[in-house]
Amino acid sequence: MSVEEGTANHGRLLGTVRGPQDVKRMSAEQLDILAAEIRDFLIAKVSRTGGHIGPNLGVVELTLAMHRVFDSPRDRLLFDTGHQAYVHKILTGRQDGFDKLRQRGGLSGYPSQAESEHDLIENSHASTALSYADGLAKAYAVRGEQRSVVAVVGDGALTGGMCWEALNNIATAGNPLVIVVNDNGRSYSPTIGGLADHLSSLRLNPGYEKVLDTVKEALGSTPLVGKPMYEVLHAVKKGIKDAVAPQAMFEDLGIKYVGPVDGHDVAAVESALRAAKNFGGPVIVHAVTRKGYGYRPAEEDEADCLHGPGAFDVETGQLVAAPSVKWTHVFADELVAIADERPDVVGITAAMAEPTGIAKLARKYPERTYDVGIAEQHAATSAAGLAMGGLHPVVAVYATFLNRAFDQVLLDVAMHKLPVTFVLDRAGVTGPDGPSHYGIWDMSVFGVVPGLRIAAPRDAGSLREELREAVAVDDGPTIVRFPTGTVAADLPAVRRVGTVDVLAESARTDVLLVAVGSFGALGMEVAARVAEQGYGVTVVDPRWVRPVPAELVELAAGHRLVVTVEDGVRVGGVGDALAQAMRDADVRVPLRDLGVPADWHPHGTRAQILADLGLTAQDVARDVTGWISGLDAQPVDDVQRDEAGAKN
Ligand SMILES: Cc1ncc(C[n+]2csc(CCOP(=O)(O)OP(=O)(O)O)c2C)c(N)n1
Ligand SMILES: CC(=O)[C@@H](O)[C@H](O)COP(=O)(O)O
Ligand SMILES: [Mg+2]
């Protein structure tokens, strides 16, 4: 069925699905039709909004089976990362929301408690679901509630250390809990590491087809449920253990293993889930799926199986938006240029080689590039080891994902004064992925790390320059952070004071506007608008925001008002740090700091969210004009006091 036909047909079976009960009633034939309709629906909708199409096409049958076997929301279905929960949303009454998927005021791209009682985990950082599941199962045991807990975790997420900490506890707690490993062999690119090798040895073993057939036969001829059913599955596998051996790893941990199951066969997944549900203890159901299943452009996309594209053309899978030069590209090119000159420079990615640009280094210097899996904490400490061994690692991660490695950056890297460069892509307000993907915490959280320097480039030229300065540091870690999207147009400085770039100045020194990173262009526009009101604005880009440059404090002392504007949380941000440095230096110029409130900001476009937060040139200019004119209106005594302070 074509996508267009499918969309037209969407009124048929899919249109009758208002909740999981409707799916429970369907025959095997109807389920096949429904699966096809769901795929067509997903492709038609997500091609317009953008979103995680590849992962969701791969879990259609899996999700149908889960909703047939379990009773959500009484039974709790947990999705690790949550980017693969679209089918779950479709089956739980949210089809109509897909026209505004990931758009402001529309459906979230992840589970959302506000949307549905069927959703629980909202955090879209990977490798957490098994820990939530462990806690939930313990809570239900203590409260004497008979409820199933089911966690779906991808093979990529399973490379994260938290999963293994959870498995260790799940095994000893022994509570009933079903872990569905959705094994498509990929994170974005193929999942790496010993665990991935282990899973693929289960998946790719020539005996696999035989196992599936044998398991299906056994299930078909065995009217058993629960433990006996599990024993059948187990016995079948044990009998052909030589053909498909290494499930022992999970069993050695103390967790029963069922599989591998064909994740695109609803009946097979259902049988395995029923057995697991009735077993009475923790069980892993290993489902083998294909990322992008049923949509050729996704299945054939070698880079990432259309993991999470923007709006795309349905026929070709190609992005609709015109290509542009992104911050990521500038970083990727410059890193390769640096690596050409510096054989000690190596790169690390946490399962995001293409999205962070590290892939470019990997293509040229594969032996100097490490994909550590979804393991940001390990990435940081492994980088410490590389630095101890005489190399200069560049760890490229999204800003939001470095948060979980705070302790590693603080103690393993910084306390040892190790030269490691952390490159934080998607810093600041990001947009469509919503609150857990906002890269707004880094300057505050990592700002407290002794000896760590943070750079916030404003354009391509300064990104290249600051990256080079970062890898030249040899006595401690650095962070270079930049936002999502198309790189800002080049903005030349009129002069440099110490490490601070002065972008604009005027005869009057009313306001010092500290424009952090990509807000340089905004700063220029604000200056022009405020000048129209008769006030002079000096616009500076500090470039290195931590530690606070001494020159910035000196510049502050020469103005009547200091205003900072940053793409990060205000608490502990650049404004806060500058205010503290000014207090320490006894510079008594009033300071106003603009930035992002420390809060959970909704999804939308970056521009919309910045506008909601009052971080547009128009808003900032209005604020600045109000504050500086307010100083003019102050009693003469107060103004003199301020000015006296400014001279100190
Ligand atoms: C801590 C963390 N690091 C990185 C990511 C970015 N990320 C989102 S999905 C994904 C790959 C997940 O692979 P897998 O769990 O196998 O799911 P699949 O997409 O294959 O279904 C990554 C790396 C994340 N969400 N959380
Ligand atoms: C689920 C997840 O964490 C990523 O897939 C994320 O959605 C990617 O964001 P970008 O689109 O900014 O690369
Ligand atoms: Mg995967």
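**From a glycine loop to the sheets**

Leaving aside its neighbours within four places in sequence, Gly476 is in contact with Ala414, Lys417, Pro419, Gly451 and Leu452, where two residues are in contact if their C-beta atoms, placed from the backbone, lie within 7 Å. The model is a predicted one, in which local features need pLDDT of at least 70 and side-chain atom pairs count only at pLDDT 80 or more, while totals for chains, interfaces and linings use all residues. Residues are numbered from 1 along each chain as its sequence is written, and chains are lettered from A and ligands numbered from 1 in the order in which they are written.

Gly476 belongs to the loop between H22 and E11; helices (H or I, at least four residues) and strands (E, at least two) are DSSP runs, numbered from the N terminus. Because Gly476 has 18 C-beta neighbours inside 10 Å, it counts as partly exposed: a residue is buried if 20 or more other C-beta atoms lie within 10 Å of its own, exposed if 12 or fewer, and partly exposed in between, with C-beta atoms placed from the backbone. Between the C-alpha atoms of Gly476 and Gly280, which are 196 residues apart along the chain, the separation is 51 Å.

Strand E11, residues 478-481, is covered on both faces, with Thr478 and Val480 buried on one side and Ile479 and Arg481 buried on the other. In a regular strand the side chains alternate between the two faces of the sheet. Strand E9 (residues 421-425) runs parallel to E11 and is joined to it by 4 bridges; two strands pair if DSSP finds at least two bridges between them. Within this pairing Phe422 stands opposite Ile479, and the bridge partner of Thr421 in E11 is Thr478. Strand E10 (residues 453-455) also pairs with E11 in the parallel sense, over 3 bridges, and there Arg453 stands opposite Thr478. From E10 the chain crosses through helix H22 (residues 460-472) to E11, and this β-α-β crossover is right-handed, meaning that, with the strands pointing away from the viewer, the path from the first strand over the helix to the second runs clockwise.

In E9 itself, 5 of its 5 residues are buried: Thr421, Val423 and Asp425 point one way, and Phe422 and Leu424 the other way. E9 is joined to strand E8 (residues 392-398) by 5 bridges, the two running parallel, and Ala396 stands opposite Val423 in E9.

The UniProt record, an unreviewed entry, annotates residues 325-489 as "domain: Transketolase-like pyrimidine-binding"; UniProt positions are given in the numbering used here, feature names are shortened, and annotations may be inferred rather than shown by experiment. Over residues 325-489 the chain is 42% helix and 16% strand, and the end C-alpha atoms are 10 Å apart. The axes of helix H18 (residues 376-388) and helix H20 (residues 406-414) come within 9 Å and cross at roughly 10 degrees, where axes are lines fitted to C-alpha atoms, for helices over the stretch in contact, and angles run from 0 to 180 degrees between N-to-C directions. H18 and H20 are therefore roughly parallel to each other, since angles under 35 degrees count as roughly parallel, over 145 as roughly antiparallel, 65 to 115 as roughly perpendicular and the rest as oblique. Their contact is made by Gln377, Ala380, Thr381, Ala383 and Ala384 of H18 together with Gln408, Val409, Asp412 and Val413 of H20.

A further sheet is open and is formed by 5 strands in the order E1-E2-E3-E5-E4, with parallel pairing. Strand E1 (76-79) and strand E4 (256-262) stand at its edges, each with a single partner strand, so one side of each is left without a neighbour in the sheet. From one strand to the next the twist averages 20 degrees. E4 and strand E5 (residues 282-288) run parallel and are joined by 5 bridges, in which the partner of Val258 is Val285 of E5. Helix H13 (residues 266-279) packs on the sheet, touching strand E3 (177-183), E4 and E5, and its direction makes about 170 degrees with that of E4.

Elsewhere, 10 of the 10 residues of helix H5 (residues 60-69) are buried, so this helix is largely enclosed by the rest of the structure. Helix H24 (residues 550-557) and helix H25 (residues 574-584) pack at an angle of about 75 degrees, with their axes 10 Å apart, and are therefore roughly perpendicular to each other. Here Leu552, Val553 and Ala556 in H24 meet Leu578, Ala581 and Met582 in H25.
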